[in-house]
Amino acid sequence: MIPELDPNTDLSFTRTLAVPRQLIWECWTRPEHIPNFFVPAPHKVTAVDIDLRVGGRFNTRFDVEGKVMDNTGVYLEVVPGEKLVFTDTYTEGWKPAPDPFMTAILLLSDAPNGGTTYTAIARHRNPESRKAHEDMGFLDGWGTVATQLEAYAKGLMK
């Protein structure tokens, strides 16, 4: 079930991926898969550290045009095969982050023909943060990630 969205602070999209839900879940929850889809190419994920439990870490490091960016966060909710909620508002041990940006909600459900209905939601602290994320290219960026995820997961099916 998709939570109620606040148009002032939330961004979202839903897409059907032609890959089974369990495989999408595996890609999002196992560190060896994350570098293959998590940021739009040609940017790269260079490190991933996952402790898949509520309060567990979800840390990534990116290389964006030669600039290294660390993204640290925690899981807020983990419903196997269905829902992942993570945020950069806190780091492991519930330590508040100095400059939080968003909370992500990923919802997965079965789609016809063995595919996955994939919904990505980005919740922000205020309308300004939401607007900044939209201006950064939320739909294109997260859409590209979904396309990369689908292509990568299809390759795992072979």
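I call a residue buried under 20% relative accessible area, exposed over 50% and partly exposed in between, with a 1.4 Å probe and protein chains only. The model is predicted, so that local features need pLDDT of at least 70 and side-chain atom pairs count only at pLDDT 80 or more, while totals for chains, interfaces and linings use all residues. Residues are numbered from 1 along each chain as its sequence is written, and side-chain values use heavy atoms, leaving out hydrogens and water.

Entry on salt bridges. I searched the whole structure and found 13 salt bridges, each being a side-chain nitrogen of Lys or Arg within 4 Å of a carboxyl oxygen of Asp or Glu.

I looked up Arg61 and found its side chain in a salt bridge with that of Asp70, at 2.6 Å from N to O; Arg61 is partly exposed at 35% relative accessibility, whereas Asp70 is exposed at 53%.

Arg53 counts as partly exposed because its relative accessible area is 40%.

Entry on helix α2. I traced Lys131 and Asp135 to helix α2 (residues 127–136), where they sit four residues apart, about one turn of the helix; helices are DSSP runs of H or I with at least four residues, numbered from the N terminus. Their closest N and O atoms are 2.8 Å apart in a salt bridge, with Lys131 partly exposed at 43% and Asp135 exposed at 53%.

How values were computed:
Helices (H or I, at least four residues) and strands (E, at least two) are DSSP runs, numbered from the N terminus.
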